[in-house]
Amino acid sequence: MSAYLTALRPLLARPVLALAAGGLLLAAPAFAQTTITKSETVASGKTVRIAIVPNLKKDCSAGPMPEFKVSGAPKNGALITKVGKQKTPASYRCPNKDTAVQGLFYQPKVGYTGADEVTFEIKNSDGQVQTQNIKITVEAASAKKDGDAKKNSSDL
């Protein structure tokens, strides 16, 4: 019987080693994805753009449209996505380039004021994914200055 156990010992050791190695892999640090947290303020009854992403790759050539994936929907409002064309700002890595863009907008429930929050992932044209957490303050409606009209509209 002891010769039988001696012959089985190497076979029994392999699964134990495999489990130990697997445990080490699980204990290794995960490459965490960066989450960007931002704040936005919107007047009750208005819409605010919370993200806009062009379809440009790192080399400034056109790629596929960016994708939004909502992982934490707002509790007191709705999200709206829009596609359009826009010229990139002069400070952008591909300055003053006409390109297709995907925009994400937040619209609070009618009459709601208070805090809200949304978390989403953006997959850009190069396939990179970034998570954004937007903390939104919905204020009572008031007269806004003309300079705020573009940001708080549903236009791209």
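**View A. Lys82 lies over the face of Phe105.** The distance to the ring centre is 5.5 Å. A charge counts as over a ring if NZ of Lys or CZ of Arg is within 6 Å of the ring centre and within 35 degrees of the ring normal. This is a predicted model: local features need pLDDT of at least 70, side-chain atom pairs count only at pLDDT 80 or more, and totals for chains, interfaces and linings use all residues. Residues are numbered from 1 along each chain as its sequence is written, and side-chain values use heavy atoms, with hydrogens and water left out.

**View B. Phe68 and Phe120 form an edge-to-face aromatic pair.** The structure holds 1 aromatic pair. Its centres are 5.8 Å apart, with 75° between the planes. Rings of Phe, Tyr and Trp (its six-membered ring) pair if their centres lie within 6.5 Å; planes over 60 degrees apart count as edge-to-face, under 30 as stacked and the rest as tilted. Phe68 sits in strand β3 (residues 67–72) and Phe120 in strand β6 (residues 114–123), so the pair ties together parts 52 residues apart in sequence. Strands are DSSP runs (E, at least two residues), numbered from the N terminus. Both Phe68 and Phe120 are buried (under 20% relative accessible area, 1.4 Å probe, protein chains only).

**View C. Lys135 and Glu117 meet in a salt bridge.** The N to O distance is 3.3 Å. A salt bridge needs a side-chain nitrogen of Lys or Arg within 4 Å of a carboxyl oxygen of Asp or Glu. By this rule, the count is 1. The pair links distant parts of the chain: Lys135 in strand β7 (residues 129–139) and Glu117 in strand β6, 18 residues apart. Lys135 is partly exposed, at 40% relative accessible area. Glu117 is partly exposed too, at 36%. Partly exposed falls between buried and exposed, the latter being over 50%.

Key. Helix = DSSP H or I, 4+ residues; strand = E, 2+ residues; numbered from the N terminus.
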